[in-house]
Amino acid sequence: MHREGPCEPAPERQLFEAILQRRSWRQPFAEKPVPADLLKTLEEEARLEGARLTPVTSPSLQNALAGLVAEADWLLGSNEAVRRESAGWVRATDHAEDGVPGRAMGMSPMEAMLAPVTHRVFNYGDTRASRDRSLACTAPLVFALSTEGDEPENWVACGQAAQRVLLGAVAQGLQGSFLNPPVQLPELRNRLKTLLDIEIWPQVLVRIGYPTGSARPTPRRPLADVLQS
Ligand SMILES: Cc1cc2nc3c(=O)[nH]c(=O)nc-3n(C[C@H](O)[C@H](O)[C@H](O)COP(=O)(O)O)c2cc1C
C-alpha cells in the first residue's frame with residue numbers, strides 16, 4: 001500500500017511539482033477557455049489561505065478592467081520616481097542574480113540590453129498601457145485576489161493564496177501573469193473595488209490561460225541570500 005509522508009499530502013505534492021514549471025507568461029494566451037471546474041478549484045485554493053478569488057465574469061467588465069490597467073500603466077510610466085525605482089529591477093540579460101530580464105517582458109536582445117537605461121529615461125506609459133490593455137482584454141480569465149484587511153498578515157496570506165492559485169493553474173497546463181498597476185494607486189484601487197463589486201481589499205490582479213509556448217525562467221538569488229539557517 002502506498003502511504004503519504006506527513007510533509008507531503010497528496011494535493012500539495014501536485015502544487016509542489018508545478019513550482020519549477022511556473023513562469024510569468026506575458027504573451028497572449030491560446031483562445032481556449034479556462035474550465036469551470038478548474039476555476040472552482042482555484043477559488044477554493046485561495047479560500048484555504050484566507051483570500052478571496054473574484055473572477056471577471058463578463059466581457060464588458062473585462063474591457064472596463066483592461067481600461068483601468070491601461071490608465072494605471074500610463075500614470076505609473078509617466079512618473080519619473082516610479083520609473084527610477086522600477087528600472088532598478090530591469091536586467092539587460094539573463095546573467096543576473098535577480099530582477100526581470102528585458103526578454104521576459106517581450107523585448108528583443110538589443111532592446112533588453114538598453115532596457116535598464118531606457119526604462120528609467122523614457123516614458124513607457126503609452127507602450128505598456130496598450131500592451132496590457134490588449135493582454136487584459138483577450139485573456140481567457142482575469143481575476144483578483146483580495147483580503148478582508150490590508151495589513152502585513154493579509155499581504156502574506158494573499159501571497160500564499162497567489163502561490164496556491166498559480167501553481168494549481170500550472171498543474172493543469174496553464175500559466176499566468178500579473179496586471180497589478182491599478183492596485184498600486186489608491187484611487188484606482190478604489191475604482192477596482194467598485195468595478196469588481198467587492199468591499200474587501202484587492203491585492204493582486206491576475207490573468208491566466210493556456211500559453212502558446214514555453215517561457216525561460218527568470219534569475220533567482222542564491223538560496224543562502226534569502227534564507228538564514
Ligand atoms: C505581487 C506581485 C505583483 C506583480 N506585478 C506585476 C506586474 O504588474 N506586471 C508584471 O509584468 N509582473 C508583475 N509581477 C511579476 C514579477 O515581475 C515576476 O514574478 C518576477 O519577475 C519573476 O518572474 P517569474 O514569475 O517568471 O518567475 C508581480 C509579482 C508579484 C509577486
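Let's start with a pairing: E5 and E6 run antiparallel over 4 bridges. A note on terms. Strands are DSSP runs of at least two residues, numbered from the N terminus. Two strands pair if DSSP finds at least two bridges between them. In this pair, Gln 175 stands opposite Gly 209 in E6.

Before going on, the model. It is predicted, so local features need pLDDT of at least 70 and side-chain atom pairs count only at pLDDT 80 or more, while totals for chains, interfaces and linings use all residues. Residues are numbered from 1 along each chain as its sequence is written.

Now the whole sheet. It is open, with 4 strands in the order E1-E4-E6-E5, and the pairing is antiparallel. E1 and E5 (175-178) stand at the edges, each with a single partner strand, so one side of each has no neighbour in the sheet. From one strand to the next, the twist averages 30°. The axes behind that angle are lines fitted to C-alpha atoms, and angles run from 0 to 180 degrees between N-to-C directions.

Next, E4, residues 141-147. What does E4 pair with? E6, residues 201-209, is antiparallel to E4 over 7 bridges. There, Leu 141 has Ile 208 as its bridge partner. E1, residues 52-55, also pairs with E4 in the antiparallel sense, over 4 bridges. Arg 52 stands opposite Ser 146 in E4.

Is E4 covered or open? Mostly covered: 7 of its 7 residues are buried. Buried means 20 or more other C-beta atoms within 10 Å of the residue's own, with C-beta atoms placed from the backbone. In a regular strand, side chains alternate between the two faces of the sheet. On one side of E4, Leu 141, Phe 143, Leu 145 and Thr 147 are buried; on the other, Val 142, Ala 144 and Ser 146 are too.

On to domains. The assignment, automatic or from a database, gives domain 1 (24-77 + 125-210) and domain 2 (79-122). Their C-alpha centres lie 23 Å apart. 6 residues of domain 1 are in contact with 6 of domain 2; contact means C-beta atoms, placed from the backbone, within 7 Å. The domain 1 side of that contact has 2 nonpolar, 3 polar and 1 charged. Here Ala, Val, Leu, Ile, Met, Phe, Trp, Tyr, Cys and Pro are nonpolar, Asp, Glu, Lys and Arg are charged, and the others, Gly among them, are polar.

Last, the ligand. The residues around it include Arg 23, Arg 26, Phe 178, Asn 180 and Thr 218, each with its C-beta atom, placed from the backbone, within 6 Å. The shell has 5 nonpolar, 4 polar and 2 charged residues.

Key
A residue is buried if 20 or more other C-beta atoms lie within 10 Å of its own, exposed if 12 or fewer, and partly exposed in between; C-beta atoms are placed from the backbone. Two residues are in contact if their C-beta atoms, placed from the backbone, lie within 7 Å.
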